[in-house]
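This report walks through one protein model, going from single residues to the chain as a whole. Please keep the sequence and the 3D view open while reading.

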Amino acid sequence: MSTNMPSLLNNQFAYYDVIESIVTALDAKDTYTANHSRRVGGMADLLCDYLGEKDSVKATVHIASHIHDIGKIGIPDHILNKPGKLTEEEWQCMKRHTSIGANILKRSEALKPLSDVVLYHHERWDGKGYYGLEKENIPLEARIIAVCDSIDAMTSKRAYRETLSIEYCKNEIQSNIGRMYDPRVASVAVKHFEHLLSLKVVS
């Protein structure tokens, strides 16, 4: 399943301005989350090129990746920035960021087509994600963002842990091909892993 967003492609500069404003608002809430979204956007752009995706998919991925965590604006600070392990109750609250983000986007007719990508970016290929979608039932754009999201999260310092090594991260993506990640998407990401990381700061 993939979204079709010709309007975003045709009006990309106007939409990118809107998205940057949204990310700036998120930045005021949590600098890590906003910068993370920008880095994921840089990697996702490049991964789309390596995958040979059409322009409409790339445009959707570019925009959605920049706001995939917008729902975290509705997560309490003490949970979002907790230095230790989340309790089960806190974890269930954190997981709500996908539905919060989707609901935010649904308020805009222009951004509504992105809502499913944001809602399902934590789904797993094997169906063990947040909502139980599996394989091609997960929007393609969400599958692409999921891989880049994981790469950046593992290779960035967080409040609760230090940066993980590039080798560890690459092995994690490799070992979860066909489990957490779309086999085609993740295999291409592993093949071009170092190059994806070198450009992950691109906005």
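In which helix is D27 found? D27 is found in helix α2, which covers residues 12-29.

## How to read the model

This is a predicted model, in which local features need pLDDT of at least 70 and side-chain atom pairs count only at pLDDT 80 or more, while totals for chains, interfaces and linings use all residues. Residues are numbered from 1 along each chain as its sequence is written, and side-chain values use heavy atoms, with hydrogens and water left out.

## The chain as a whole

The protein chain has twelve helices and zero strands, where helices (H or I, at least four residues) and strands (E, at least two) are DSSP runs numbered from the N terminus. Of the 203 residues in the protein chain, 48% are buried; buried means under 20% relative accessible area, exposed means over 50%, and partly exposed lies in between, with a 1.4 Å probe and protein chains only. Among the contacts with a separation of 6 or more, 66% come from residues 24 or more positions apart, a contact being heavy atoms within 4.5 Å.

D27, in helix α2, counts as partly exposed because its relative accessibility is 25%. D27 and S37 are ten residues apart in sequence, and their C-alpha atoms are 9.9 Å apart in space. K170 has its place in helix α10, residues 166-175, and is also partly exposed, with a relative accessible area of 27%. Leaving aside its neighbours within four places in sequence, K170 is in contact with V190, F193 and E194, and its C-alpha atom is separated by 9.6 Å from that of M154, which is 16 residues away along the chain.

K135 lies in the loop between α8 and α9 and is partly exposed, with a relative accessible area of 40%. Most residues other than glycine have a negative phi. The phi of K135, however, is near 50 degrees, a positive value in a residue other than glycine.

## Helices side by side

Two packed helices are described by the angle between their axes and the distance between the axes. Helix α9 (residues 140-154) and helix α11 (residues 183-191) pack at an angle of about 35 degrees, with their axes 9 Å apart; the axes are lines fitted to C-alpha atoms, for helices over the stretch in contact, and angles run from 0 to 180 degrees between N-to-C directions. From α9, the residues L140, R143, I144 and V147 meet R184, V185, A186 and A189 of α11. By class, this contact has six nonpolar, no polar and two charged residues, where Ala, Val, Leu, Ile, Met, Phe, Trp, Tyr, Cys and Pro count as nonpolar, Asp, Glu, Lys and Arg as charged, and the others, Gly among them, as polar.

In helix α7 (residues 97-106), the buried residues are H97, T98, I100, G101, A102 and L105. The elements covering these buried residues of α7 include α6 (88-95) and α8 (115-119).

## An enclosed space

The count comes to one cavity of 30 Å³ or more, a cavity being a set of points on a 1 Å grid over the protein atoms alone where a 1.4 Å probe fits but cannot get out. The lining residues, which have an atom within 4 Å of a point, are E123, R124, W125, I138, R143, A146, M180, Y181 and D182, and they divide into five nonpolar, no polar and four charged.

How values were computed
On a 1 Å grid over the protein atoms alone, a cavity is a set of points where a 1.4 Å probe fits but cannot get out, and a pocket is an open set with protein on both sides within 12 Å along at least five of seven lines; lining residues have an atom within 4 Å of a point. Grid points are joined across faces, edges and corners, and a volume is the space filled by probe spheres set on the points.
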